[in-house]
Amino acid sequence: MSTDTAPSGLLQLIWLASPALPIGGFSYSEGLEAAIEQGLVHDEASATDWGVDQLHLTQSRGDMAVLAQAIPAWQQHDTARLQTLNNWVMATRETAEMRLQTEQMGRSLLDWLRNLQQASEAQLSCCAQLPPTYPLAMALALSLAQAPPDQALQACAFGWAENMTQAALKAVPLGQSAGQRMLARLAREIPLAVQTAMHLSDEDRQAFNPMLAILSARHETQYSRIFRS
């Protein structure tokens with residue numbers, strides 16, 4: 001049995017969705033910790049609703065839509081399109097924490113791709129010159145898996161859902177059973193979020209969520225916190 005065969009597309013997607021991927025996603029709550037501090041999230045039901053709202057209002061309409069457009073751009077080596085999408089991501093980070101997250105996770109994912117020789121030198125160089133935000137670096141990783149676009153987005157969305165669930169477990173806090181129920185609800189919502197993301201044009205893509213931006217700004221000076229956002 002050969003041990004030199006590259007992982008299948010499915011295994012690549014599982015790998016990219018894993019919380020063990022060393023890009024630091026576990027260290028961000030994406031406003032959840034600030035929402036808990038303000039009393040907006042306080043139990044399983046409110047944490048679950050928060051996650052579902054984030055999935056549909058910010059993820060599917062914003063970064064997931066960028067992923068859907070950036071994956072084919074990487075496959076077609078359309079550097080101008082990639083730069084345009086990357087610029088949009090940077091322009092829509094409304095707080096220092098949001099910008100820190102997308103830059104740090106983008107750099108870490110690029111380092112992971114370089115370390116495992118998952119991309120060509122030309123692709124790595126293009127990504128480094130953007131410089132990479134998380135959605136653009138993840139789109140490169142997903143494009144290499146050669147998986148159907150909807151499955152690629154589902155994997156990425158599930159990885160995000162796992163990180164959000166773990167954040168809720170630590171910060172609300174919630175028990176493991178509550179966390180699994182929260183994750184199950186998010187998993188049921190992911191296919192709809194993916195379909196929304198895949199059908200958005202540049203004109204329809206958006207990152208308008210003023211309350212989240214306010215919570216993120218407040219988190220920057222929050223007295224006691226576990227997460228970086």
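Which helix holds Arg-185 and Glu-189, and by about how many helical turns are Arg-185 and Glu-189 separated? The two residues are four apart in helix H9 (residues 176-198), and are therefore separated by about one helical turn; helices here are DSSP runs of H or I with at least four residues, strands are E runs with at least two, and both are numbered from the N terminus.

This is a predicted model, in which local features need pLDDT of at least 70 and side-chain atom pairs count only at pLDDT 80 or more, while totals for chains, interfaces and linings use all residues. Residues are numbered from 1 along each chain as its sequence is written, and side-chain values use heavy atoms, with hydrogens and water left out.

**Salt bridges**

The structure holds nine salt bridges, each being a side-chain nitrogen of Lys or Arg within 4 Å of a carboxyl oxygen of Asp or Glu. The table lists some of them.

| Arg-225 | Glu-97 | 2.8 Å |

Salt bridges that share partners join Asp-49, Arg-185 and Glu-189 into one network.

Glu-97 lies in helix H5 (residues 96-115) and Arg-225 in the segment after helix H10 (210-219), so this pair ties together parts that are 128 residues apart in sequence. Burial is given here as relative accessible area, where buried means under 20%, exposed over 50% and partly exposed in between, with a 1.4 Å probe and protein chains only.

**Cysteines**

A disulfide is a covalent bond between the sulfur atoms of two cysteines. By the cut-off used here, a pair of cysteine sulfur atoms within 2.5 Å, the structure holds zero disulfides. Cys-126 is in no disulfide, and the nearest cysteine sulfur, that of Cys-127, is 7.1 Å away, which is too far for a bond. Cys-126 counts as buried at 16% relative accessibility, and Cys-127 counts as buried at 0%.

**Cavities**

A cavity is a set of points, on a 1 Å grid over the protein atoms alone, where a 1.4 Å probe fits but cannot get out, and its lining residues have an atom within 4 Å of a point. Grid points are joined across faces, edges and corners, and a volume is the space filled by probe spheres set on the points. The structure holds two cavities of 30 Å³ or more.

The largest cavity has a volume of about 710 Å³ and is lined by 42 residues, of which Glu-30, Gln-59, Asp-63, Gln-101 and Trp-160 lie nearest its centre. Among the helices that each supply at least two residues of this lining are H3 (44-75), H5 and H8 (149-171). By class, the lining of the largest cavity has 20 nonpolar, 17 polar and five charged residues, where Ala, Val, Leu, Ile, Met, Phe, Trp, Tyr, Cys and Pro count as nonpolar, Asp, Glu, Lys and Arg as charged, and the others, Gly among them, as polar.

The second largest cavity has a volume of about 30 Å³, and its lining consists of Gln-12, Trp-112, Leu-113, Gln-118, Ala-141, Leu-144 and Ala-145. H5 and H7 are the elements that give two or more residues to this lining, and H7 provides the largest share, three residues.

Definitions and conventions:
1 Å grid on protein atoms, 1.4 Å probe; cavity = no way out; pocket = protein on both sides within 12 Å on 5 of 7 lines; lining within 4 Å.
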